[in-house]
Amino acid sequence: MTTALFVIFGATALASALLAVTRKNPVASAMWLVMMFFGLAGGYVVLEAYFVAAVQVLVYAGAIMVLFLFVIMLLDLRSEHLMEEEAPRMPILGVAAAVLFLAVSGIALLNAVDDGMFPDAAARATLELDGSARAIGESLFGTWLLAFEVTSVLLLGAIFGAVILTKRRLT
Amino acid sequence: MIHALANLGLGMLHQPIAFLFGFFDRAGDGSATFGWVIGKILLVLLVTHVILILAALMVWAERRVSAWMQGRLGPNRVGPEGLLQPLADLGKFMFKEDVIPGHVHKVMYTIAPLITVIPAMITFAVIPFTGSFETSGATGDTFIQSWQIADLNIGVLYILSVTGLGVYGLTLGGWASNSKYSLLGGVRASAQMISYELSLGLAVVPVVLIVSSLNLGDVIAWQADNGWMAFHQPLAAFIFMIAVYAETNRLPFDMPEAETELVAGYHTEYSSMKFALFFMGEYTAMTVGSALLVTLFLGGWTFFGLEQLGWAMGVLIFSAKVLFFLFAFIWVRWTIPRFRYDQLMWLGWGIFLPLTLVNVLLTAGALAMDQAWIMWILPLVLIASILIAAWIGWKRDEKKFQPLSDAPGVIPAGAATGEEASA
């Protein structure tokens with residue numbers, strides 16, 4: 001039952017992701033991306049990571065994608081405009097980014113397997129790993145505090161970039 | 001006295017229902033039984049229908065109450081006091097031609113009304129509408145068992161994430177209609193929702209911090225022990241209420257459908273049942289918003305011990321509180337005029353966001369100090385600082401926006417007519 005559900009949600013996420021990059025209409029793309037976030041959230045629920053699932057929907061589907069839609073609608077982006085401005089180097093960059101991502105995630109996954117971070121069901125039960133808000137909060141603000149703070153600095157940099165781009169004159 | 005009443009009236013009802021609850025409960029080891037599944041399905045059907053019927057009745061109430069406030073009669077012909085008016089409306093909606101204009105994006109145009117209704121409805125799954133007090137034998141402690149469709153440990157997060165999805169219906173409806181007024185309504189809806197969702201979420205954070213649980217049953221249990229959250233967190237309750245008004249697009253924040261500016265905003269191009277679905281979505285969202293406000297800040301189904309009379313009393317208390325806030329929605333709509341769009345944005349980003357952030361920080365600090373008296377003094381400090389801030393703002397605005405008649409070069413209206421009369 002659990003495996004079947006996981007496969008269904010995973011397939012939904014994959015199919016929606018594919019549709020999101022292949023659709024010509026920007027609004028349709030955005031909506032398929034929302035669908036993909038639901039697929040991911042469903043996967044998290046099956047893995048009993050309820051907190052992550054809720055936050056996935058809350059942050060990505062509920063806030064960020066609404067902002068995307070807002071921008072798409074405000075700029076009135078249409079497929080014709082996008083076709084004209086398509087950069088010739090885009091496919092090369094895309095492939096490079098995909099290879100880099102696969103390399104990094106593959107190395108991380110292999111390391112995790114070596115470190116025994118995928119225990120079987122019996123070992124998991126003794127570890128008391130759960131997806132509760134408390135467990136996630138403790139690991140986020142305890143073990144992984146540095147990574148958390150570095151990520152927030154990254155986001156701060158993005159905010160500065162946006163402010164500088166929108167300001168015409170810097171006085 | 002109260003217990004005698006309980007034994008007389010509600011006690012008689014309580015026994016068979018308690019037996020039913022037993023039949024519909026999980027097995028002793030927590031596994032699902034046939035009766036439990038059937039019970040849950042019945043409960044889902046019941047709650048769904050109550051919400052839908054309430055939405056229909058709200059349309060009637062809105063028209064009657066607005067008429068009452070304006071000294072009119074309102075719809076009073078169909079049924080007693082016009083109570084069957086929703087049925088007449090329904091018949092009209094059903095038999096009207098369902099026009100799909102030729103210039104719309106058909107798929108999005110069709111699913112947009114559905115996206116408005118569904119998130120609002122499924123939010124109700126985690127809201128506890130009644131409960132029971134049980135005494136554990138050894139220590140004699142009472143503990144609260146809340147009744148809802150799904151008892152989620154992350155109930156608060158579930159609600160915040162699902163209610164935020166309703167905006168897709170409005171935004172997509174506005175975009176798919178391919179008309180400038182609809183598009184403007186949709187764009188306004190998305191911007192407004194994002195702005196107020198921040199304040200809405202941050203207003204809930206102090207509640208979660210104080211209760212230290214994301215479970216709505218725990219929130220109610222805490223309030224049953226320590227008093228309503230609105231007394232501990234008046235600022236959060238106030239901002240939450242206003243953010244709910246903004247999230248449901250009710251006046252004074254109905255920018256997405258502002259009739260005087262955008263014809264009817266995002267649903268200009270809709271007709272028949274699709275149009276009715278947008279309305280059902282709005283009224284369902286109002287019901288859910290009221291239920292949330294009641295659950296998080298006003299003790300849910302508890303009322304100073306009255307709920308101990310039995311589960312039926314809990315339902316009554318909860319319904320009464322929700323109905324009061326539904327009335328308040330109508331009350332406010334016909335009292336306060338619409339905000340200007342820039343005022344709406346300023347209120348969300350410039351006032352509510354900083355206030356909620358400060359509230360979260362202060363509450364967290366007070367909790368960290370772990371002193372009982374700080375928790376009591378915090379609401380007073382917050383209220384005092386807001387009043388002072390409001391007074392300063394008032395004084396500043398008084399200087400900036402002096403009445404027209406005081407401005408140099410403007411002749412007061414009365415004086416002008418007086419001169420004309422004498423001349």
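Let's start at B:Ser212, which sits in the loop between H7 and helix H8 (216-226) of chain B. Keep in mind that this is a predicted model. B:Ser212 has a positive phi of about 50°, even though this residue is not a glycine. With a relative accessibility of 49%, B:Ser212 counts as partly exposed, because exposed would take a value over 50%.

**Chain B as a whole**

- Chain B is built with 16 helices and 2 strands.
- Chain B has 423 residues, and 48% of them count as buried.
- Take the contacts in chain B with a separation of 6 or more: residues 24 or more positions apart account for 73% of them.

**Another positive phi**

- B:Glu81 also isn't a glycine, yet its phi is positive, near 55°.
- You'll find B:Glu81 in the loop between H2 and helix H3 (85-95) of chain B.

**Around helix H6 of chain B**

- B:Gly173 lies within helix H6 of chain B.
- Is B:Gly173 buried or exposed? Its relative accessibility is 0%, so B:Gly173 counts as buried.
- Setting aside neighbours within four places in sequence, B:Gly173 is in contact with B:Ala112, B:Tyr168, B:Tyr266 and B:Tyr270.
- B:Gly173 and B:Tyr109 are 64 residues apart in sequence, but their C-alpha atoms are 5.6 Å apart in space.

- B:Ile149 is found in the loop between strand E2 (142-147) and helix H5 (155-163) of chain B.
- B:Ile149 has 15% relative accessibility and counts as buried, since buried means under 20%.
- Apart from neighbours within four places in sequence, B:Ile149 is in contact with B:Lys40, B:Leu43, B:Val44, B:Val47 and B:Ala125.
- B:Ile149 and B:Gly227 are 78 residues apart along the chain, and their C-alpha atoms are separated by 25 Å.

**Two helices crossing within chain B**

- Two packed helices are described by the angle between their axes and the distance between the axes.
- In chain B, the axes of helix H2 (residues 34-69) and helix H13 (residues 311-333) come within 10 Å and cross at roughly 45°.
- That angle makes H2(B) oblique to H13(B).
- The crossing of H2(B) and H13(B) is right-handed.
- On the H2(B) side, the residues that meet H13(B) are B:Leu54, B:Met58, B:Ala61, B:Glu62, B:Val65, B:Trp68 and B:Met69.
- On the H13(B) side, their partners are B:Leu323, B:Leu326, B:Phe327, B:Ile330, B:Trp331 and B:Arg333.
- By class, this contact of H2(B) with H13(B) has 11 nonpolar, no polar and 2 charged residues.

**Where chain A meets chain B**

- How many residues does each chain bring to the contact? Chain B gives 22 residues and chain A gives 24 residues.
- Between them, chain B and chain A bury about 1,900 Å², with 82% of that on carbon and sulfur atoms.
- B:Tyr168, B:Trp175 and B:Ile194 supply 28% of the area that chain B buries against chain A, more than any other three residues.
- Helix H3 (residues 50-75) of chain A packs with H6(B) at an angle of about 15°, and their axes are 11 Å apart.
- H3(A) and H6(B) are therefore roughly parallel to each other, because the angle is under 35 degrees.
- The crossing in which H3(A) passes H6(B) is left-handed.
- A:Ala61, A:Met65, A:Val66, A:Leu69 and A:Met73 in H3(A) meet B:Val167, B:Tyr168, B:Thr171, B:Leu172 and B:Trp175 in H6(B).
- The residues of this contact of H3(A) with H6(B) divide into 9 nonpolar, 1 polar and no charged.

Note on methods
Residues numbered from 1 in each chain as written. Chains lettered and ligands numbered in written order. Predicted model: local features only at pLDDT ≥ 70, side-chain atom pairs only at ≥ 80, totals over all residues. Heavy atoms only, no water. Axes fitted to C-alpha atoms, helices over the stretch in contact; angles between N-to-C directions. Helix = DSSP H or I, 4+ residues; strand = E, 2+ residues; numbered from the N terminus. Parallel < 35°, antiparallel > 145°, perpendicular 65-115°, else oblique. Left-handed = near helix turned anticlockwise from the far one by under 90°. Contact = heavy atoms within 4.5 Å. Nonpolar A, V, L, I, M, F, W, Y, C, P; charged D, E, K, R; others polar. Buried area = accessible area lost by both parts, 1.4 Å probe. Buried < 20%, exposed > 50% of the residue type's maximum accessible area, 1.4 Å probe, protein only.
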